[in-house]
Amino acid sequence: MSTDLTAYLYAFSSVLTFSVAAIGFTYLSHKTSALWMNLFKCTFSFLISLPLIYYFNGQVYWPIETCWPFYVSGFIGLNVGDWLLLSAYKKIGPARTLMIFGFQPLIAGGFSYFVWNEVIYPIQLIAIIFFIMCLFLISYEKFKVNRTWEVSGLLLALAGVTLDSIGVILTRHGFNINPELGGLEAQYLRTVSALLGFIIFIPFVKFNFMINLNRLTKNERLVAMTSSFFGTFLSIALYMQAVKIGKLATVTSIVLADPMMSTLFESLWLKKWPSKYLSFALGCFIAAIYFLFAPQFG
């Protein structure tokens, strides 16, 4: 099996596991808070990865001097970025939030253009128009229902995607510096950094970790653990491995399958068809993806 195909399989498996977990993240973010859900999933992921890391590597610490990209990526992406994304889940839903991930290849492509002098084709700029239409339809849907444009939800999603994109770029740089590390190690280092990052928020935010945990039923706790395992531990470990061995632009593009899957799972969860505005937004999203990768087709 070729390296590229292996990277695609890792990335697609990551998308599938995260799409399922996103439903649980959304439900529990409503039940508790986005901050609590983020802290729980990082804590649970750390408790799973710690013994595995020690078993496979015989160590649980890597020096900051060489692994700083993973640590920085963990804080800005897994901590702050995911906090913003979970907050967006509460406001506009996981399917709509994940459509905003369509901007990730554009962010990564812009970085590659200015830093690595990679080519950006004019036809790819058409994708921006469709992404903007997608954002408008998502916002207009909320306006029709609640008489509000839900700008805050879109801004939270855009900010979260931007930070996540920066985290992906930093992670790839970390692999370039430390080629001996794999996806599991990267996931572990990012989780450690994300957990330590919560210390910064302690003077400013009440976590109420145990209070919220005790409020959950046994089934809800099972949902929290299952979502954290698939959406944070397994999904990120797979995605990190894809980032390491695959082409960055292609790997990030596979993540764009997430909105379609999330729309399907969200519809099954809510037991109703997607609204016409969400369907139109999904159509604009697909058109944007086509123009984004049209140069590769020709």
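Student: Hi! Let's start with D82 and K41: buried or exposed?

Tutor: Hello! D82 is buried, and K41 is buried as well. Keep in mind that this is a predicted model.

Student: OK, and what do the side chains of D82 and K41 do with each other?

Tutor: They meet in a salt bridge, with 2.7 Å from N to O. Since D82 belongs to helix α3 and K41 to helix α2, the pair ties together parts that lie 41 residues apart in sequence.

Student: Why would side chains like that pair up?

Tutor: In general, side chains of opposite charge can pair when their charged atoms come close.

Student: How many salt bridges does the structure hold?

Tutor: The structure holds 2. Besides D82 with K41, there is a salt bridge between the side chains of E220 and K31, at 3.4 Å from N to O. E220 sits in helix α10, residues 218-245, and K31 in helix α1, residues 3-31, so this pair ties together parts 189 residues apart in sequence.

Student: Is E220 buried or exposed? And what about K31?

Tutor: E220 has a relative accessible area of 8%, which means that it counts as buried. K31 is partly exposed, because its relative accessible area is 43%.

Student: Back to D82 for a moment. What does α3 do there?

Tutor: Helix α3 bends by about 35 degrees at D82. That is the residue whose side chain meets K41 in a salt bridge.

Student: Where does α2 bend?

Tutor: At S49, by about 25 degrees, and a proline, P51, follows within four residues.

Student: How does the span of α2 compare with what is expected?

Tutor: Helix α2 covers residues 34-57, which is 24 residues, and its first and last C-alpha atoms are 33 Å apart. That is close to the 34 Å expected at 1.5 Å a residue.

Student: Let me zoom out. How many helices and strands are there?

Tutor: The protein chain has 13 helices and 0 strands.

Student: What share of the residues is buried?

Tutor: Buried residues make up 54% of the 298 in the protein chain. The chain exposes about 14100 Å², and carbon and sulfur atoms supply 70% of that.

Student: Can you show me an example? Which residues is G153 in contact with?

Tutor: Leaving aside neighbours within four places in sequence, G153 is in contact with A88, K91 and I92. G153 and I92 are 61 residues apart in sequence, yet their C-alpha atoms are 6.0 Å apart. G153 lies in helix α7, residues 151-177, and is buried at a relative accessible area of 0%.

Student: What about G183: where is it, and what does it touch?

Tutor: G183 is in helix α8, residues 183-201. Not counting residues up to four places away in sequence, G183 touches F175, A237, M240 and Q241. From G183 to Q241 is 58 residues in sequence and 4.1 Å in space, C-alpha to C-alpha. With a relative accessible area of 3%, G183 is buried.

Student: I was also looking at S87. Why does S87 count as buried?

Tutor: Because its relative accessibility is 17%, and the cut-off for buried is under 20%. S87 is in helix α3, and apart from neighbours within four places in sequence it is in contact with A34 and L156.

Student: Last topic, the surface. Which residues form the nonpolar patch?

Tutor: Y54, V60, Y61, I64, W68, V72 and I177, with about 670 Å² of accessible area together.

Student: Which helix gives the largest share of the nonpolar patch?

Tutor: Helix α3, residues 64-92, with 3 residues. I64 is placed in that helix.

Key
Residues numbered from 1 in each chain as written. Predicted model: local features only at pLDDT ≥ 70, side-chain atom pairs only at ≥ 80, totals over all residues. Heavy atoms only, no water. Patch = residues over 30% accessible without salt bridge, like charges linked within 9 Å, V, L, I, M, F, W, Y side chains within 5 Å. Areas by Shrake-Rupley, 256 points an atom, 1.4 Å probe, with all protein chains shown as cover. Salt bridge = Lys/Arg side-chain N within 4 Å of Asp/Glu carboxyl O. Helix = DSSP H or I, 4+ residues; strand = E, 2+ residues; numbered from the N terminus. Bend = angle between axes of the 7 residues up to and from the residue. Buried < 20%, exposed > 50% of the residue type's maximum accessible area, 1.4 Å probe, protein only. Contact = heavy atoms within 4.5 Å. Expected span 1.5 Å × (residues − 1).
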